Amino acid sequence: MYDMIVNNFSRILGERLLRVTKVARDTGISRTTLTNIYYKKSRCISFDVLDKLCDYLNCSTSDIFEYRNPGT
């Protein structure tokens with residue numbers, strides 16, 4: 001069985017050649033928080049952080065976190 005919520009944050013940063021440090025500096029989100037999201041260690045994420053990331057990356061929440069139905 002695999003996770004139903006897929007974290008695409010590291011893929012997005014890689015495609016855009018962005019580093020966690022730059023995102024942290026530009027958004028004000030702590031580097032620790034971003035690193036935990038990047039390495040898929042976060043168990044939760046606040047709406048404030050998600051809002052800042054979507055605004056900064058000009059994307060939607062479903063671009064960063066994707067729901068996959070395990071039955072399909």
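Student: Which element gives the most to the lining of the largest pocket?

Tutor: β1 does, with three residues. This is a predicted model, where local features need pLDDT of at least 70, side-chain atom pairs count only at pLDDT 80 or more, and totals for chains, interfaces and linings use all residues. Residues are numbered from 1 along each chain as its sequence is written, and side-chain values use heavy atoms, leaving out hydrogens and water.

Student: Why is α2 called oblique to α3?

Tutor: Their axes, which are lines fitted to C-alpha atoms over the stretch in contact, with angles from 0 to 180 degrees between N-to-C directions, cross at roughly 135° and come within 9 Å. Under 35 degrees counts as roughly parallel, over 145 as roughly antiparallel, 65 to 115 as roughly perpendicular and the rest as oblique. So α2 is oblique to α3.

Student: What makes the contact on each side?

Tutor: Val20, Thr21, Val23 and Ala24 of α2 meet Arg31, Leu34, Thr35 and Tyr38 of α3, where contact means heavy atoms within 4.5 Å.

Student: And what makes α2 roughly perpendicular to α4?

Tutor: These two pack at an angle of about 105°, with axes 11 Å apart. The range for roughly perpendicular is 65 to 115 degrees, so α2 gets that label relative to α4.

Student: Which residues make the contact of α2 with α4?

Tutor: Lys22, Val23, Asp26 and Thr27 come from α2, and Lys52, Leu53 and Tyr56 from α4.

Definitions and conventions
Helix = DSSP H or I, 4+ residues; strand = E, 2+ residues; numbered from the N terminus.
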